[in-house]
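Trainee: I have a model open and want to learn how to read it. Where do we begin?

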2 protein chains.
Amino acid sequence: MKEIRVGLIGFGTVGKGLAATLNTQKDRIRKRVGASVTLTRVADIGVKELPEQYRSVTLSHDAGDIFTDPDIDIVVELIGGIEPAKSFILTAIENGKHVVSANKALFASHGREIFAAAIKHNVEIGFEASVGGGIPVIKSLKEGLVANRIESIRGILNGTANYILTRMTDHGTPFAEVLKDAQAKGFAEADPTYDIEGIDTAHKLAILMSIAYGLHVSVDDITTEGISKIEPIDIDFAREFGYRIKLLAISHNHGDHVEARVHPTMVPEDHMLANINGAFNAIEFIGDTVGDILLYGQGAGMMPTGSAVAADVVDIGRNILSGAVNRVPALSCQPEFIGEPHITPLSELTCPYYFRVTALDKPGVLSKISGIFGQHNISIKSVIQKSRHADEPVHIVLQSHSASEADVVKAINEIDALDICTAPTMKIRILIDDED
Amino acid sequence: MKEIRVGLIGFGTVGKGLAATLNTQKDRIRKRVGASVTLTRVADIGVKELPEQYRSVTLSHDAGDIFTDPDIDIVVELIGGIEPAKSFILTAIENGKHVVSANKALFASHGREIFAAAIKHNVEIGFEASVGGGIPVIKSLKEGLVANRIESIRGILNGTANYILTRMTDHGTPFAEVLKDAQAKGFAEADPTYDIEGIDTAHKLAILMSIAYGLHVSVDDITTEGISKIEPIDIDFAREFGYRIKLLAISHNHGDHVEARVHPTMVPEDHMLANINGAFNAIEFIGDTVGDILLYGQGAGMMPTGSAVAADVVDIGRNILSGAVNRVPALSCQPEFIGEPHITPLSELTCPYYFRVTALDKPGVLSKISGIFGQHNISIKSVIQKSRHADEPVHIVLQSHSASEADVVKAINEIDALDICTAPTMKIRILIDDED
């Protein structure tokens, strides 16, 4: 019986998920692949002993033991972060090993170097688990939708941020309190910056855009705003206007330039993305042939991520067995056709906006504020003015028709400089479905 | 430059969609595959001339011209129906051609014979387009979810039926009227039987089950009920109970036996499947590793189906180019491991039910009816009794707790035999999420 041998670097949550998956699904995978896929080595600096069920797996504390083992076909990197993960992966490639990893931060910032090395050494790089956890989003994009020009990508790509927004929406709890609770429950990390500031989402969007458009997109190309400034009051007003607030990754393909942004977004409440709750992820593609496609599932976690890593291992294993390595290029396009991205400047964005202006409740304040919006070509669709206590500043909440980001920035700067304004104006972009 | 040559049988709606896709996406596919994928021949008995843009494509009226052309690598069958499609496909296979088809009726009833022939002649069979139109559902199941035991499948797999139910729900229009309107608009066929009676959905479920479970499931294994008996009043009562009525394909994997059924189902209104509207399709899988996955998109139509057919053509083309034919087996499992299904008898099904009893408005009627349910171990959760006019029969609508189908059939037979009952009792099964 043929066998595919796997070496795993990093026996943390996802590493354990992969080990468990390859164990539990051993017979199922063998019946499908026609060969065994076996975890033979684990390297983890902090693990003293592997659990009982991995008796036949060799443990070491040195990743080098995995690269230099001539019997290992595929190296799985699941330690995360940039270094030493990057060096490990490059060394594995130089040793002729195929690589599977869930490391979105690494691929979104150093992908070009890694993919170039893989091409040079004719090995495969699998990274399905880097976006959308167990959802087969990268395979769908590279293979299922191959006969499509991808017109747009929109997604809820970070489960922690979506969990926090869902809790804030359902219970009216302030951001800081939900975050603390999420940390206590293990749904958010001790340092939640990547999740709540949209950086993790931007990593994933960079990967999706690279594949969808055949461009070398890096995380630095993506405008990123997080959710930490969203207040329960914004969620309430969103509801009054018929929206839910979601942290979205958004990209539109304009041919010679592409949009790339991550920010809190007001999503119409009957849109599918508005109804993705808790820690779930969803990715929507619009293709010129297929139309609207949405893929939904758990975007993180030990087992869902293990499912995606195992799928990559099996995929590469099948290529090894049938002598078809790099049957599908890592970034979908043949390397010589991958281009450089031209990113639409954010100032050129046009969309409807939600504004929450905080001002003293004096006569003429609404007229002054709406006057400034008018002077900057921002046409207002509806206004709600609410004060909670007589002596407190009021919230003037406005929904605009489509306006340009450049105009919006100027108007807000002018409004925030007014004496009567007591806090910075909140702006949230509104998703429109006909913007495609 | 290498080239993959495609011969197309059937230049109807989907055939035109494939031709248009291969034309429009020619450059995009070449940059990804590293070779051209070209439509070189079309056979259609009723087409006199191909449109201008297909000048280099050879048209004939004889499918035999395609099988015998030594230059053709892949034969695409898009005429639908059992014969002559089946003979065409078998002849193509015997001539060593790979085959792509969207023909769900054929695969669900004669799949075993076709797949056996393909194995014998070492050719590939692509049928992504047979389920869920442009949604890459089969590829996801065979590859993306390979490291999962699929626990259940639930799907809205027929766009016509879902369009009709959506219109009935949104506008309160009776079934017959919506159907007539859908036929006028081209959303339903002149003979809508396959769509509205659940047969098309059952074909698709048989295909999904075969792949998911590694079993030879045929359409005959699936209990099938359609939507033609649903009345607007049922939709109204569903809403009062917090449900929407959807035609669902449902299968649960119990290990030594599997459920397989297609029927109108009351879906809790906050479930994603309740919110799939119009002609869209959605397929939900629960895998033991990945958890809950849902794939959504257009389940039919010229271009979405063309997208899926083209993806199969590219997939097989890649295998031809890299010498990896049958890299992934057609039914996911290696042929020697595919088993025979043991289908759970419908009588053993247990779920909550909705009942609408139509009876004369006489004293004691509710007591009589609820008494019969009680005698058959069917415990009632809630009852609504509504009469529209004084002299007309009333609707007694009951929602039960989980009950056995065998008991339900007995109870309804007894109730319908009562003198006071003026029309057959309507029963609709209720989806529960914790039944998994």
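Mentor: Begin with a bridge partner. This is a predicted model. Take Ile293(A) and look across to S12(B).

Trainee: Which residue in S12(B) is the bridge partner of Ile293(A)?

Mentor: Gly297(B) is the bridge partner of Ile293(A).

Trainee: How many bridges join S12(A) to strand S12 of chain B, and do they run parallel or antiparallel?

Mentor: The two strands run antiparallel, joined by 5 bridges. In chain B, S12 covers residues 291–298.

Trainee: How do I read the wider interface?

Mentor: In general, the size of an interface is often given as the accessible area lost when the parts come together. Here we count residues in contact. Chain A puts 51 residues in contact with 51 residues of chain B. Helices H2 (26–33), H6 (137–144) and H12 (302–321) of chain A each give two or more residues to that side, as does strand S12 (291–298).

Trainee: Which element gives the most to the side of chain A that touches chain B?

Mentor: H12(A), with 9 residues. By type, this side of chain A has 21 nonpolar, 20 polar and 10 charged residues.

Trainee: And the nonpolar core?

Mentor: Look for the residues with the most contacts inside the core. The largest nonpolar core has 286 residues, and Val76 and Met209 of chains A and B have the most contacts inside it. Val76(B) touches Leu8(B), Ile9(B) and Val309(B), among others.

Trainee: How is chain A divided into domains?

Mentor: Domain 1 takes 3–134 + 302–337, domain 2 takes 143–298, and domain 3 takes 346–435. The C-alpha centres of domains 1 and 3 of chain A are 50 Å apart.

How values were computed: Residues are numbered from 1 along each chain as its sequence is written. Chains are lettered from A and ligands numbered from 1 in the order in which they are written. This is a predicted model: local features need pLDDT of at least 70, side-chain atom pairs count only at pLDDT 80 or more; totals for chains, interfaces and linings use all residues. Domain bounds come from an automatic or database domain assignment. A nonpolar core is a set of buried Ala, Val, Leu, Ile, Met, Phe, Trp, Tyr and Cys residues joined through C-beta atoms within 7 Å. A residue is buried if 20 or more other C-beta atoms lie within 10 Å of its own, exposed if 12 or fewer, and partly exposed in between; C-beta atoms are placed from the backbone. Two residues are in contact if their C-beta atoms, placed from the backbone, lie within 7 Å. Helices (H or I, at least four residues) and strands (E, at least two) are DSSP runs, numbered from the N terminus. Ala, Val, Leu, Ile, Met, Phe, Trp, Tyr, Cys and Pro count as nonpolar, Asp, Glu, Lys and Arg as charged, and the others, Gly among them, as polar. Two strands pair if DSSP finds at least two bridges between them. Lists of a residue's contacts leave out its neighbours within four places in sequence.
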